[in-house]
Amino acid sequence: MTAPDRDGGVGDGRDRTADGRVDVCVVGAGPAGALVARALAGAGYDVVVLEAGPRFDPTDRVERMERSIRPYYGPPDVWEMGGPRDAFSATGELHYPLNAARVKGVGGSSLHWQGMVMRLHESDFERRTRSGYGADWPFDYETLRPYYARAERRLGVSGASDNPFAPPREEPHPLPAFPPSYSDSLFAPACERLGVTTHSVPNARNSEAFDGRAACVGYGTCKPVCPSGAKWSADHEIRAAETEGARVVDRAPVQRLLTGERPDRVTAAVYATPDGVEHRQAARQFVLAAGGVETPRLLLLSRSPDHPDGLANASGLVGRYFTEHLFAGAGGRLDEPTRQNHVGFNTTESHQFYDDPGAGTERGIPASDADLAPIKLEFLNYAGPSPVEMALSGEDWGDALLSRLRAGYGTHVAMGALVEATPRRENRVALDPSRTDDHGNPVPDVRWSLDARTRRTLARANEIQHAILAELGADVEWTVGPRDTGPAYHHMGTTRMGSDPAESVVDAGLRTHDVGNLSVASSSVFPTGGAMNPTLTIAALALKCADHVAESL
Amino acid sequence: MELTRRDALAALASAGVVGGGSAAVLARERRDGTDRPTGDRDRDRNRETPDGTLPDALVATAEVVYPSEVSGVSGFVRAYSLGRFEARPDYREGVRDAVDELEEHARAWYGEGYTALDRGSREELLRSMGVHSAEEDPVGTAAERVRFYVVNELLFALYTSPAGGRLVGIENPQGHPGGTGSYRRGPR
């Protein structure tokens with residue numbers, strides 16, 4: 001190949017051809033892949049990362065922020081999702097907006113994430129044993145605890161040890177927590193009167209300069225884009241991995257994994273560059289870190305005579321148990337200023353209804369003896385409309401517009417919640433043979449539905465939210481609950497982890513039961529999802545996975 | 001409320017102009033002196049604008065779409081557009097195309113150029129074109145392009161700036177890097 005040909009038709013001169021056989025090939029440059037790559041490259045191994053999406057220019061961030069505010073652009077436009085590359089189907093009971101729920105590129109979905117980083121509770125690892133549904137994890141909280149601490153240091157978590165409901169921890173967070181908002185100070189006495197305990201929120205966002213990134217400057221657009229880089233995203237981690245010697249190939253979607261004479265060993269990842277040329281990257285170990293949709297899809301696309309149902313799929317569970325977190329929320333207005341929308345992150349939550357969602361309080365939250373799942377309560381700092389977004393989409397201007405902005409902004413309050421969804425076998429990521437992507441591969445079909453427990457828990461979350469808002473004196477104007485809930489864009493469960501090869505895809509070491517040199521670092525391994533935002537757990541699992549891969553090299 | 005060029009620089013920070021574009025504005029600021037209100041230097045600056053007609057048309061539109069209680073509109077809009085154009089030439093072309101539409105409609109309906117119309121006629125023209133009810137679209141109809149490149153561009157500049165935010169009661173509006181102090185403060 002001549003030099004221009006080596007860039008895969010991109011035109012940037014970057015070599016996108018395969019290396020010789022390396023120690024580790026990582027598929028995906030999101031949080032999990034970046035952390036695995038950095039850890040293994042730092043330990044001296046030859047690492048190649050293959051990323052389907054592009055390497056975004058960090059100097060474009062403010063322009064992307066503008067897209068997130070201006071009405072012409074929808075959520076997928078901010079990070080250029082959509083089109084033939086990202087075609088998908090959603091034929092389940094509920095529509096799934098997949099391309100609003102992920103980003104392809106160096107940094108992955110952490111480019112558009114909110115940045116909330118909580119540890120799962122001890123109970124989350126024992127859902128089947130304690131509550132009789134879902135599946136237990138193959139290890140307990142204590143096993144993951146040191147990895148959580150390492151993950152918090154990697155991500156530079158700003159947090160405080162004031163959460164009485166959190167699992168035990170060994171040391172303070174690396175950075176101090178962001179102080180509570182003015183809006184939080186309005187909620188606090190109402191919660192106290194009701195007997196609801198509130199506490200700070202751990203954020204993967206610099207409250208002080210950390211790891212070469214500046215402190216947050218308050219753009220207020222964290223989700224979907226942090227222009228300043230104060231929010232941790234995996235592109236920072238990828239740059240560190242490259243400094244450690246990892247090679248990252250962007251615009252290189254992996255088409256399939258090949259096994260050789262031994263069907264229990266992957267020999268190469270076949271990836272395509274934009275010019276349509278296929279390349280084979282050989283490696284001793286392979287780590288799939290392509291998220292909860294593309295990871296099972298790639299395994300299913302890697303079917304062969306030796307693996308007729310897809311790679312690592314002897315259990316038939318690849319793609320099964322697709323699980324999300326559900327949003328419940330309520331909001332309204334007070335008769336006083338609430339100072340919302342200065343920042344795009346939250347500073348107060350309550351995990352009081354996590355381990356015991358039916359517990360009442362003596363002073364106003366009714367008890368429930370229903371079969372419920374964990375609830376995480378959030379007090380929003382971005383309730384109600386943002387003035388600039390209102391300004392850009394009205395039919396008025398001048399003084400009439402200003403009057404509308406003044407009437408529409410300033411007194412809103414809102415609460416959110418994440419609710420655990422029961423893992424369901426019928427919820428799955430399958431291949432849709434009737435549609436293909438830009439490389440001719442069947443697209444993912446996300447089939448998704450909710451069970452009665454999940455809907456009951458959403459209603460319970462609304463009950464608690466309404467009680468708090470009533471105590472605050474708010475006029476409730478909107479509620480999102482069991483009838484109109486939406487997903488939190490957390491893709492879990494599709495290569496579930498367990499000790500029984502008949503009931504799971506990967507083992508406690510994140511290695512697939514069927515293929516000895518193939519591991520998965522992703523929320524796709526969560527057997528049960530809990531109701532905490534998953535990325536800190538993804539990061540902890542990625543570091544654990546890296547340790548196991550290193551042991552076998 | 002008097003808009004200053006410092007407000008324009010703050011608006012440019014929200015619009016992704018932190019390099020050459022704002023440097024151009026700052027260079028002019030050094031020539032012009034302090035951060036005093038800008039409205040009184042508009043005539044001089046006209047000669048220095050990157051294009052003679054675009055900033056005039058933007059100012060003429062801002063006089064319609066900005067609330068009457070702000071002053072210094074001309075200096076704010078000129079400084080903002082200078083920085084914006086220098087940083088993003090493609091954007092400037094979009095504005096030029098949209099302003100061409102305004103000029104064509106003005107000449108067809110009123111027999112004179114857009115900036116020569118009085119404020120009431122400019123507003124009437126925008127409404128007649130349907131700009132007030134159009135959704136912004138950089139490749140859409142004339143009204144949609146004017147909404148995207150002219151009206152919403154101006155509203156974005158104003159309401160992502162602390163000056164515009166303060167009109168509504170938020171000194172660190174979405175899109176402005178105003179720090180992490182204001183979210184903790186109560187109303188004043």
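Predicted model: local features only at pLDDT ≥ 70, side-chain atom pairs only at ≥ 80, totals over all residues.
Where is A:Trp232 found in chain A? The residue sits in the loop between α6 (182-194) and α7 (234-243) of chain A, with helices (H or I, at least four residues) and strands (E, at least two) taken as DSSP runs and numbered from the N terminus. Residues are numbered from 1 along each chain as its sequence is written, chains are lettered from A and ligands numbered from 1 in the order in which they are written, and side-chain values use heavy atoms, with hydrogens and water left out.

Back to the tryptophan. A:Trp232 has a relative accessible area of 1% and is buried, where buried means under 20% relative accessible area, exposed over 50%, and partly exposed in between (1.4 Å probe, protein chains only). Not counting residues up to four places away in sequence, A:Trp232 touches A:Pro31, A:Ser110, A:Trp113, A:Arg154, A:Leu155, A:Ala204, A:Arg213 and A:Glu237; contact here means heavy atoms within 4.5 Å. With A:Glu237, the side chain of A:Trp232 also makes a polar contact of 3.2 Å. A polar contact is a pair of N or O atoms within 3.5 Å; within protein, one must be able to donate a hydrogen and the other to accept it, and residues adjacent in sequence count only if both atoms are side-chain atoms. A:Val36 lies 196 residues from A:Trp232 in sequence and 16 Å from it in space, C-alpha to C-alpha.

Another buried residue of chain A is A:Arg297, at 5% relative accessibility, placed in helix α8 (residues 291-301). Its side chain joins that of A:Glu294 in a polar contact of 3.0 Å, and the side chain of A:Arg297 also reaches the backbone oxygen of A:Pro442 at 2.9 Å. Leaving aside neighbours within four places in sequence, the contacts of A:Arg297 are A:Leu431, A:Asp437, A:Asn441, A:Pro442, A:Val443 and A:Pro444.

Now for the charges. Over all chains the count comes to 61 salt bridges, a salt bridge being a side-chain nitrogen of Lys or Arg within 4 Å of a carboxyl oxygen of Asp or Glu. One of them pairs A:Asp235 with A:Arg61, the closest N and O atoms being 2.7 Å apart. This pair links distant parts of the chain, with A:Asp235 in helix α7 and A:Arg61 in helix α2 (residues 61-69) of chain A, 174 residues apart. A:Asp235 is buried at 4%, and A:Arg61 is buried at 7% relative accessibility. In the salt bridge of A:Asp60 and A:Arg64, the closest N and O atoms are 3.9 Å apart; A:Asp60 is partly exposed at 26%, whereas A:Arg64 is buried at 4%.

Chain B has nine helices and zero strands. Of its 188 residues, 62% count as buried, and residues 24 or more positions apart account for 60% of the contacts in chain B with a separation of 6 or more. In helix α5 (residues 73-87) of chain B, 13 of the 15 residues are buried, so this helix is largely enclosed by the rest of the structure. Elsewhere in chain B, the side chains of B:Glu123 and B:Arg119 meet in a salt bridge (3.6 Å, N to O). Both lie in helix α7 of chain B, four residues apart, about one turn of the helix. An α-helix has 3.6 residues a turn, so residues three or four places apart point the same way. B:Glu123 counts as buried at 18%, while B:Arg119 is partly exposed at 38%.

Finally, the two chains together. Contacts join 52 residues of chain B to 44 residues of chain A. About 4,100 Å² is buried between the chains, 57% of it on carbon and sulfur atoms; buried area is the accessible area (1.4 Å probe) that two parts lose on being put together, summed over both. The interface holds seven salt bridges, including A:Arg70 with B:Glu153 at 3.4 Å between the closest N and O atoms. There are also 29 residue pairs in polar contact between the chains (both at pLDDT 80 or more). On the side of chain B that touches chain A, α8(B) gives the most, with eight residues.
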